Structures are given as C-alpha cells and as structure tokens.
Amino acid sequence: MTLLCVGLILYGDSPHALEVLSALKAQDLDEGTNLSVVIVDNGVPQTLKAEIFENFGGSILVLRNRENLGFCAAANQCLAEALRYEANYLLLLNPDLLLETLAVRELLRCAKKNPKATIITPKLFRANADLSPSSPPVLDACGMYMTNDLRHLDRGSNQLDVKQYEKEE
C-alpha cells in the first residue's frame, strides 16, 4: 500500500480552493494508493471553511493557525503530519493549481521509478484567472535548477510549450 499525504496551504479568500480539492478527489489512483489530505488554514474566511467542511467533511484534516505563519511554516506542518501518518510521500499543492486526472498517479509512478529522488516536480502550465489553460500553452515550471550562487530558478518558466520538456530527468 502507498500512502500519499497531500498538503494544501490556504490564506485569505483562496477562490479556487474548492476546485483544487475537487480535482484532488477526482484523481484516478492505482489500486492500493490512499490519500490523506491536510489543509493548513493560515487565515481563511469562515464561509470558505464551512464550504470545505460541507463538501469534504471528515475526509480532510484542517490545521488552524491563529495567525498567518507563511508558506514555509505551513509546509513544515504538512510535513509533520505526513511523518505522523507514516506517509510514503508528501505532495504540496498551491491553492490555484488544478491537477489533471492522472497527475498523482504519474507523480507516484515517477517517484517509485526514481527512489533516490527527493523531489519530483510535474510540468506546470500557466492559467488564466479562472484557472482555464492559457492558449497557446505557456509553461510555469518544469522543475527547478540551481545556479552557482545557490539561487533556485524555475526551469522553462514563461516559455511556450513546444514539448521541449517531455523526457523524465
């Protein structure tokens, strides 16, 4: 069995949070894969909290912070929960990222194929404000790379997708 802990960090209105959670719920997973979803609430309106509870109920753990601790601290909270659950993997999602139906399956396939890899990143595309794909397709990131002065940059950022990053690396 594979246990994947998915962390979603929310702050403010997070207008696409329900869409993101719905796309996560719609994932076509391999048999034997279980998801554990953790939401870190860094200051979400009560109405959104109610909608999340109404739509996803007890299937999600919500960690409520008294104040906005920022992305890094919230990511560490997700990691702590993943360790507590003894999850095999942790997937951190931004609240404006819609997963395609096979995204999680493909990420896990890649992670299992490359057990020495510590971070697996999918090809991310830019989207319009309503999260519809931009046309023509523009890359947001295809992984990261480090410069000699230890800066990390998004690989392929803002490039037209002409299938230049199709090969797993």
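Where is the place of Leu83? I found Leu83 in helix H3. Helices (H or I, at least four residues) and strands (E, at least two) are DSSP runs, numbered from the N terminus.

I noted the ground rules next. This is a predicted model, where local features need pLDDT of at least 70, side-chain atom pairs count only at pLDDT 80 or more, and totals for chains, interfaces and linings use all residues. Residues are numbered from 1 along each chain as its sequence is written, and side-chain values use heavy atoms, with hydrogens and water left out.

**Entry: the patch.** Leu83 counts as exposed because its relative accessible area is 62%, and exposed means over 50%, buried under 20%, partly exposed in between (1.4 Å probe, protein chains only). I then listed the surface nonpolar patch: Phe71, Leu79, Leu83, Leu90 and Leu92. Together they have about 430 Å² of accessible area, by the Shrake-Rupley method with a 1.4 Å probe, only the protein chains shown counting as cover for residues. Patch residues have over 30% relative accessible area and no salt bridge; nonpolar side chains (Val, Leu, Ile, Met, Phe, Trp, Tyr) are joined within 5 Å, like charges within 9 Å. A salt bridge is a side-chain nitrogen of Lys or Arg within 4 Å of a carboxyl oxygen of Asp or Glu. H3 (70-85) and strand E4 (89-93) each supply at least two patch residues. The largest share, 3 residues, comes from H3.

Entry: I looked up the second largest pocket, which holds about 170 Å³ of space. Its lining includes Leu21, Leu24, Val37 and Phe56. Helix H1 (17-25) and strand E2 (33-41) are the elements that give two or more residues to this lining. A pocket is an open set of points on a 1 Å grid over the protein atoms alone, with protein on both sides within 12 Å along at least five of seven lines; a cavity is a set where a 1.4 Å probe fits but cannot get out; lining residues have an atom within 4 Å of a point. Grid points are joined across faces, edges and corners, and a volume is the space filled by probe spheres set on the points.

**Entry: the cavity.** My search of the whole structure gave 1 cavity of 30 Å³ or more. Leu29, Asp30, Thr33, Arg105, Leu108 and Lys112 line the largest cavity. Helix H4 (residues 103-113) gives the largest share, 3 residues.

**Entry: Gly156.** Gly156 sits in the segment after strand E8 (152-154). Gly156 counts as buried because its relative accessibility is 6%.
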